[in-house]
Amino acid sequence: GRVIKIQVGVGEIIGEGRLNSDSAAGLAVGADQAVYLIEDACRVMRFVDGESSVVAGGLVAGSSSAHMKSAQDIAVAKDGTLYIADTGNNRIQKLSRGDVVGTTVAGGNGRGNHDDQLDGPSC
């Protein structure tokens with residue numbers, strides 16, 4: 001699959017790799033024009049300059065800080081920090097540039113409506 005950036009009617013391939021539209025969710029573009037998307041609900045892919053890489057998660061779902069479960073959405077701050085709605089784990093994970101393990105910044109204490117819980121978060 002390919003990720004194509006279209007600007008003023010002109011398309012440019014900015015990433016290639018294993019991209020299956022049936023399993024992709026949560027698309028975001030960083031200030032550096034890198035494209036991030038959640039693939040298979042358990043990993044974040046980064047596409048930039050024709051290259052793709054896994055920047056968070058992996059091939060299997062899980063609940064540790066290095067894994068995601070049913071991740072649905074992603075946001076990218078100006079400094080490149082990623083915020084991932086790890087919906088299956090009812091938490092928001094923060095990954096600063098270069099991190100491979102996330103930090104829970106909201107939720108993570110089971111599904112619910114208490115101050116330290118989330119119920120199916122999205123960004």
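**View 1. Asn89 in the loop between β8 and β9.** Asn89 sits in the loop that links β8 (82-86) to β9 (91-95); strands here are DSSP runs (E, at least two residues), numbered from the N terminus. This is a predicted model: local features need pLDDT of at least 70, side-chain atom pairs count only at pLDDT 80 or more, and totals for chains, interfaces and linings use all residues. Residues are numbered from 1 along each chain as its sequence is written, and side-chain values use heavy atoms, with hydrogens and water left out. Asn89 counts as buried because its relative accessibility is 13% (buried means under 20% relative accessible area, with a 1.4 Å probe and protein chains only).

**View 2. The surroundings of Asn89.** A polar atom of the Asn89 side chain lies 2.9 Å from the backbone oxygen of Gly62. Leaving aside residues up to four places away in sequence, Asn89 touches Gly62, Ser63, His67, Met68, Lys69 and Gly108 (contact means heavy atoms within 4.5 Å).

View 3. Look for Ala28, whose bridge partner in β4 is Tyr36. The hairpin has 5 residues between its strands, and Gln33 in the turn has a positive phi of about 70°.

**View 4. The open sheet β7-β8-β9-β10.** These 4 strands, in that order, form an open sheet with antiparallel pairing. β7 (73-76) and β10 (103-107) are the edge strands, each pairing on one side only. Between β9 and β10 there are 4 bridges in the antiparallel sense, and Ile92 stands opposite Ala106 in β10.

Key
Buried means under 20% relative accessible area, exposed over 50%, partly exposed in between (1.4 Å probe, protein chains only). A polar contact is a pair of N or O atoms within 3.5 Å; within protein, one must be able to donate a hydrogen and the other to accept it, and residues adjacent in sequence count only if both atoms are side-chain atoms. Two strands pair if DSSP finds at least two bridges between them.
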